[in-house]
Amino acid sequence: MRVSKRASGALAVGAAFALVASGCSSGNNDGGDPGATNDGAIIIEGTQPERPLVPADTTETGGGAIIDYMWTGLVEYPNNGGAPQNALAESIETTDSKVFKIKIKQNTKFHDGTTVKAESFVKAWNWAAYGPNGAQNASFFSDIQGFDDVYTEDPDGPDGPQKAPEPKAKEMSGLKVVDDWNFEVTLNAPTAVFPTKLGYSAFVPLPDVFFTETPEEFGKKKPIGNGPVKFVSWQDDVEIKLTRFDDYTLRDKMKIKDVTVKIYQDDTAAYSDLVSGNIDFQQQVPVSSLAGDKWKTDLGDRAIASTTPSTGIIAFPIYDKRFQDPKLRAAISHSINRQEITDKIFFGNRKPADSWANPLTPGAEPGNCTACTFDVDLAKKLLAESSGFTGKLKLYYNADASHKEWMEAVAQQIKTNLGLDAQAVGMPTFAVFRAQINAHKMDGAYRAGWQQDYPDVENWIMPLYVTGGSSNDGLYSNKTVDSLAKEALGAPSLEASHAKFAEAVKLIDQDVPSMPIYFGGQQSGHSPKIKKLELTNVGELDITSVEL
């Protein structure tokens, strides 16, 4: 459930689990001097994490990328688009898709030297699900038996935030430690997609020290993971330093030693550093470099085009009474010419969105966003039938990435086609932007790009559009959607689950809680220093693949 800072997206044809076009950069693929690689260091572009580095409390790409580097979970998603495969799990077995017996690989280590055990998962999952801890990813554990006993929602109302009632229990009844290397998970109902979800970072283990500190102390001062790199330091808005964990024993070991994530407030500044060789990787080059394929001219064989399962979206704050009429929301969506946006702003490097889940995703149905069609006459008709909108219609975006151009174009289209006083408004940084969204203080629509966490359509419905979903930031709620989603989770097969989610999507399409705008290709670049690399299934740099 990673809310993306960037303007990258995807539209591609591939296998069932095809996610990103991974591959080596052109150039000297022999890896260069082994010594230079083994002791080498790279600097890559990054974003200031919104919150401390606690996996179950991170829902955006800035912190999420660091967590992906620092932790290894039970399951991983191969770079080449293959089916999910075991990572820390030795085996995941079930006979009914309700009770899962999980065996982990023995004697792997956390960065503090302690051993990763079965209880490291069970304790971490129970902490994440326990409502009073306030973890943003808590809803990912709702499949597990006993979740409703440990999680209660804040009964916020017209008088403002109120304290949630105390949960009935502190631990989920569906989690059981068998011994040091085995634990058992019992779900509320058979859920075929459950093993696929286990590669998402909310499900990683936590060391014992985490439970002796506050999340702030752990996540800011010295987060301890179990992945191929460990934490060195974090200087706010400047850099995060990581170094190789030499006691890492799984297959994706680091080939280099040090990684510095340089935090930028402006992606054009990062691009200038990339071109001049001052940094070694930028995941998404700025929109200004796409015109005339300038980025390819600048970077030559260091330019990488790929596809990722992400979508550019504009969401509505439905907690604001002015946006509660679905006819108004539909009118705004129909007034947007997505083809013009992708052609003129992104120079054909994006594709107009026409579905609620990115079409790379298993279970996604292309073309099911009827609200995405450009129809000015229908837009005007719906606006006339709606409650209307008075005052300035603000469209917010974070100004530290390339969103100004396309958000201003959307605002102009709404103004021209509907006569509404639409205005794009930049907020200085992604962190400030997300803080306002998380506090439910947005007084206008806002950019809300979505990056897939695991390859199933469920990940495009449950977090975004189910009541209480971890990234349902606009507080959209439809009880029938909730009911259909619950049925989808308990379906006996992935096919049956996908069919039920498709029913839910039809209602979402009528309600228009947000507006998918574009799918698109990702344009990345690296320095001459890097001789070989791969991108992950979501387009991030796979730091374990880098050779110098």
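Student: At what angle do helix H15 and helix H16 pack, and how far apart are their axes?

Tutor: Helix H15 (residues 479–489) and helix H16 (residues 494–511) pack at about 170 degrees, and their axes are 8 Å apart. Helices here are DSSP runs of H or I with at least four residues, strands are E runs of at least two, and both are numbered from the N terminus. Axes are lines fitted to C-alpha atoms, for helices over the stretch in contact, with angles from 0 to 180 degrees between N-to-C directions. This is a predicted model, where local features need pLDDT of at least 70 and side-chain atom pairs count only at pLDDT 80 or more. Residues are numbered from 1 along each chain as its sequence is written, and side-chain values use heavy atoms, without hydrogens or water.

Student: Which residues make the contact between H15 and H16?

Tutor: H15 brings Thr480, Val481, Leu484, Ala485, Glu487, Ala488 and Leu489. From H16 come Ser497, Lys500, Phe501, Glu503, Ala504, Leu507 and Ile508. Contact means heavy atoms within 4.5 Å.

Student: And how do the residues of that contact divide into nonpolar, polar and charged?

Tutor: Nine are nonpolar, two polar and three charged.

Student: New topic, the sheet. What order do the strands of the open sheet of four have?

Tutor: The order is E5-E6-E8-E7, with antiparallel pairing. Two strands pair if DSSP finds at least two bridges between them.

Student: Which strands are at the edges?

Tutor: Strand E5 (89–93) and E7 are the edge strands, each pairing on one side only. Ignoring direction, neighbouring strands in this sheet are turned by 20 degrees against each other on average.

Student: How many bridges join E7 to E8?

Tutor: Four, between strand E7 (residues 175–179) and strand E8 (residues 182–186), which run antiparallel. Leu175 stands opposite Val185 in E8.

Student: Last one: which strands does helix H3 lie across?

Tutor: Helix H3 (residues 118–129) lies across E6, E7 and E8. H3 runs at about 165 degrees to E7.

Note on methods
Ala, Val, Leu, Ile, Met, Phe, Trp, Tyr, Cys and Pro count as nonpolar, Asp, Glu, Lys and Arg as charged, and the others, Gly among them, as polar.
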